[in-house]
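Q: Please go through the terms used for this structure and set each value against its definition.

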Amino acid sequence: ISNCLTIGEDYDLKSDGLEDKAKQKGLFKYKGAFNFKKSFDTRFIPFFAASRERLQSGRNCLQQTFQEQQVNIQQMMNNLRTHYDQTASPATGTNRDICMHAGGFIRRSQTCGSMVSRLWKNKNLHFFTGTSAPCMSLFKPVSFDFSINFSVLNPDEKTVDGSLWQRNEYIHRRLIFMDKKRHVLQESIARTENEMLSVFEEKEFEPSKDDMIKADDIVRKWTDRCFYEYRHHTFHYPSMSLYGSFWKKTNRQDGFIL
């Protein structure tokens, strides 16, 4: 919903005294049906956060997806990687992006921990990035079989050092300004996700425990290989760039020394 209110007059439950609260604040005149969005929405945050444009980008992705004969999981993953300008680099990103990259005072946050689920009868499959920037991240499988040590899960749920997120940041923060290498990485992500998803497609999305382990092993090996390939690459941040200055400062704060 992109940080803007979307519930209007069509809702199932509400707090007692909601209309009275809105009236006390001068937001509702008791004329016509009560509309939650019109009463409580603000202009300031949605404007600077480009919330409505981002929401529309999400709707556009879904409309295009459902025009296809069959909705597939990887298309939904790619929807979460969408930028408002698909030809632009992260340095020229905007709050209108679904895959939003942090870059300064107005755009201090970024997309992190994206998730796609396939819900079907009694067999559900879930895929998480567990990392920042889905356009530079691999979706990884997970299930509620706790006997499997899925690579996307942090063993103690607290440690940052050595975590999947941190390891991916060694890649993410180095390739932000390196367009060619970033495109090579994204092509590798697409191939690996195809290979991983084929494990489930071969079993008609009813995988055994061994299938889950096999799929996780595919993404685990990719993650390790990319980490060791890129972790010592030199940072290439332009000197005359607000976006570059933001990431230089962020890297110092987070211990990614330039």
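Q: Why is Leu-27 called partly exposed?
A: Buried means under 20% relative accessible area, exposed means over 50%, and partly exposed is in between, with a 1.4 Å probe and protein chains only. Leu-27 has a relative accessible area of 37%, so Leu-27 is partly exposed. The model is predicted: local features need pLDDT of at least 70, side-chain atom pairs count only at pLDDT 80 or more, and totals for chains, interfaces and linings use all residues. Residues are numbered from 1 along each chain as its sequence is written, and side-chain values use heavy atoms, with hydrogens and water left out.

Q: Where is the place of Leu-27, and which residues does Leu-27 touch?
A: Leu-27 sits in the loop between α1 (18–24) and α2 (36–40). Helices (H or I, at least four residues) and strands (E, at least two) are DSSP runs, numbered from the N terminus. Not counting residues up to four places away in sequence, Leu-27 touches Ala-22, Ser-39 and Phe-40; contact means heavy atoms within 4.5 Å. Asp-97 is 70 residues from Leu-27 along the chain, and their C-alpha atoms are separated by 31 Å.

Q: What makes Ser-114 buried or exposed?
A: The relative accessible area of Ser-114 is 8%, which means that Ser-114 is buried. Ser-114 is found in the loop between α5 and β1. Leaving aside residues up to four places away in sequence, Ser-114 touches Leu-80, Phe-127, Phe-128, Thr-129, Pro-134 and Phe-139. The C-alpha atoms of Ser-114 and Ile-189 are separated by 15 Å, at 75 residues apart along the chain.

Q: What share of the contacts in the protein with a separation of 6 or more comes from residues 24 or more positions apart?
A: Such residues account for 58% of those contacts.

Q: How many helices and strands are there in the protein, and in what pattern?
A: The protein has nine helices and three strands. Along the sequence the pattern reads α-α-α-α-α-β-β-β-α-α-α-α.

Q: What makes a space a cavity, and how many cavities of 30 Å³ or more are there?
A: On a 1 Å grid over the protein atoms alone, a cavity is a set of points where a 1.4 Å probe fits but cannot get out, whereas a pocket is an open set with protein on both sides within 12 Å along at least five of seven lines; lining residues have an atom within 4 Å of a point. Grid points are joined across faces, edges and corners, and a volume is the space filled by probe spheres set on the points. By this rule there is one cavity of 30 Å³ or more. The largest cavity holds about 50 Å³ of space. Its lining is formed by Thr-131, Lys-140, Leu-164, Arg-167, Asn-168, Ile-171, Trp-222, Thr-223 and Phe-227. Two or more residues of this lining come from each of α6 (164–175) and α8 (209–230); α6 gives the most, with four residues.

Q: Which residues are the closest to the centre of the largest pocket?
A: About 890 Å³ of space lies in the largest pocket. It is lined by 31 residues, and the closest to its centre are Ser-2, Asn-3, Arg-54, Asn-95 and Met-100. With seven residues, α4 gives the most to the lining of the largest pocket.
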